[in-house]
Amino acid sequence: MTEALIVTLKVTGLATLIIAVFGTLLALLLARARFPGRTLLELLLALPLVLPPTVVGFFLLYILGRGSPLHDWLGLELLFTWQGAAVAASVVGLPLMLQSARAAIAAVDPELEDAARTLGRSEPEVLLRVTLPLAHRGILSGLFLGSARALGEFGATLMVAGNIPGRTRTLPMVVYDAALGGDLALAAQTSALLSGIAFLALALTRRLEQPARR
Amino acid sequence: MDARLVVDIEKRYPGFHLQVRLTVGNEVLVLYGPSGAGKTQTLRAIAGLVRPDRGEIALDGRPLFRSNGRGRALNVPAHRRRIGYVFQDYALFPHLTALGNVAFGLRGPGRREEAMRWLRRMRLEQVAGLYPSQLSGGQRQRVAIARTLATGPAALLLDEPFSALDPDAKGRLQRGLRELQAELALPVVYVTHSLEDAFAVGQRIAVIAEGKLQQVGTLEEVVSRPASWRVARAFGLPNLLRARVRRATADGLHLDWEGLELVAAPRELSAGQEVLAYIRPEEVRFIYPDRPLSAAVRHNRLRVRVLEQRLGPDFRLVRVRTEGPSWAELEVRSPPSTYADLPLVPDRELEVAIRPSGIVVLEALPQAEASAEGSSGS
């Protein structure tokens with residue numbers, strides 16, 4: 001279980017990073033920019049919320065595997081690695097982050113951004129000093145939720161990275177193997193650990209969503 | 001006065017066409033008009049927050065925007081225009097303290113000290129560490145002005161900055177604004193829909209209505225001689241009326257106001273022409289029933305019935321209804337001491353007289369507009 005815990009932490013850590021960066025950028029794009037195909041992009045990004053994770057994993061096999069630009073041009077070997085598992089987990093966690101971050105950014109009064117502009121601040125400065133600080137609660141709460149979802153991801157990571165002990169086997173897979181193999185004690189312990197983490201993440205999210213006391 | 005800020009812009013919105021041309025010198029120019037007239041859109045265009053379709057904006061000879069509506073345009077982004085903008089609800093950053101807000105537009109190591117200097121100057125040093133939600137309306141307003149001035153703008157735009165304040169705070173800030181303008185020698189555009197505000201801070205006034213600039217001039221000029229019906233309506237001027245020219249003679253312009261004859265100051269207009277006019281409330285005099293008539297009340301005598309009277313610290317205002325075929329309401333204004341011995345109680349019947357110079361004929365307008373405006377009342 002220790003091995004699996006370490007793999008899980010690595011996968012979740014990298015997935016959180018990916019969700020944080022792409023989630024923030026995509027949330028900004030969806031909240032502030034108007035461009036053709038915006039609705040389509042929105043729907044595609046929300047799709048993992050409702051698709052079976054195995055289907056997401058199946059698509060990712062093509063996107064990350066042989067013949068894909070990521071593999072052939074960038075030389076990224078992601079299939080059956082923990083990094084691949086992290087990509088799969090982040091795709092499933094991203095929509096949760098997007099919903100919350102996007103709403104928070106959209107709720108920032110555009111007049112505050114205008115005020116920052118008239119005070120001599122350029123667009124990147126407006127973003128870093130006004131928009132993101134004012135939306136930080138929604139962004140963080142979305143990030144916790146997304147990364148908690150990434151932590152518990154099973155189907156998509158299994159499809160993309162397999163179930164290799166010490167390399168790609170994560171805690172959710174330990175539960176699956178233990179339960180099938182009759183080791184109910186291990187399954188119970190692992191489930192309890194995952195439940196505890198999930199509960200903490202939700203509690204944190206909840207706290208962030210409460211209005212600031214100021 | 002030398003023009004420092006030159007604006008000549010045009011922008012089409014759905015159902016609204018903004019067309020503004022004005023120059024601002026080293027002064028406070030009041031941009032006055034009803035809500036929805038295009039005042040804020042004009043400020044936003046000057047600040048670079050919206051892009052006009054065509055036109056030109058220049059500050060101290062530095063072009064900020066230039067476009068003929070086609071091809072390449074010059075459009076300096078808002079953050080490089082050096083135009084200070086004080087927003088209607090101040091737009092203070094809620095996540096920063098008063099000090100943080102004022103320091104926001106400053107750069108370099110001394111920025112906090114510089115911000116503190118501005119706070120002190122606005123008598124805000126004791127609230128430097130408070131957040132906007134902890135400040136009073138007047139304090140927020142001063143933080144917003146300090147924040148804008150700290151960046152050293154070359155022009156200042158204020159959007160209804162005093163609308164949410166109590167009269168006391170308002171008066172202080174209005175005096176402060178005039179002093180600041182004189183001291184900093186900035187062109188200031190001050191947007192308001194309140195005539196009182198306009199008089200308190202402004203030197204010149206630009207009247208805007210329905211997206212178009214109607215008239216620019218000194219306050220006295222524009223109020224005493226509105227260039228059009230729209231300007232008069234924008235001011236909420238009382239005693240607007242529609243009449244037809246009977247004849248123009250050397251002694252005056254004879255008007256037919258629904259059967260009543262009124263004599264206005266002489267003007268070259270042809271008989272039959274429909275005109276829009278207004279009667280200056282301070283030029284309407286009550287005639288004492290028991291005294292001999294003076295020469296001043298020879299003209300324009302109307303029978304009226306008193307509706308109500310309001311006595312202010314520096315004015316007496318009486319609303320009356322004409323007892324003629326027109327049944328119009330008139331406002332009569334005088335110093336409070338006048339008519340002290342003439343009880344103007346409701347329902348009392350009296351006679352008023354109006355000097356011809358008190359009847360101001362506005363531009364004779366096209367028939368269609370005249371009837372449309374006339375039916376909507378004033």
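Two strands count as paired if DSSP finds at least two bridges between them; strands (E, at least two residues) and helices (H or I, at least four) are DSSP runs numbered from the N terminus. The model is predicted: local features need pLDDT of at least 70, side-chain atom pairs count only at pLDDT 80 or more, and totals for chains, interfaces and linings use all residues. Residues are numbered from 1 along each chain as its sequence is written, and chains are lettered from A and ligands numbered from 1 in the order in which they are written.

In strand E10 (residues 204-209) of chain B, six of six residues are buried, that is, 20 or more other C-beta atoms, placed from the backbone, lie within 10 Å of their own. Arg204(B), Ala206(B) and Ile208(B) cover one side of E10(B), and Ile205(B), Val207(B) and Ala209(B) the other. Ala206(B) stands opposite Leu31(B) and also opposite Val216(B) in E11(B). E10(B) and E11(B) form a hairpin with two residues between them, and Glu210(B) in the turn has a positive phi of about 50°.

| Strand pair (chain B) | Sense | Bridges |
|---|---|---|
| E3 (residues 28-32) and E10 | parallel | four bridges |
| E10 and E11 (residues 212-218) | antiparallel | six bridges |
| E13 (residues 252-257) and E14 | antiparallel | five bridges |

An open sheet of five strands in chain B has the order E14-E13-E12-E15-E21, with antiparallel pairing. Its edge strands, E14 (260-264) and E21 (359-361) of chain B, each pair on one side only. Asp256(B) stands opposite Glu261(B) in E14(B).

The contact between the chains takes 17 residues from chain B and 14 residues from chain A, where two residues are in contact if their C-beta atoms, placed from the backbone, lie within 7 Å. Strand E7 (residues 83-86) of chain B gives the largest share of the side of chain B that touches chain A, three residues.

Conventions. Buried ≥ 20, exposed ≤ 12 C-beta atoms within 10 Å, placed from the backbone.
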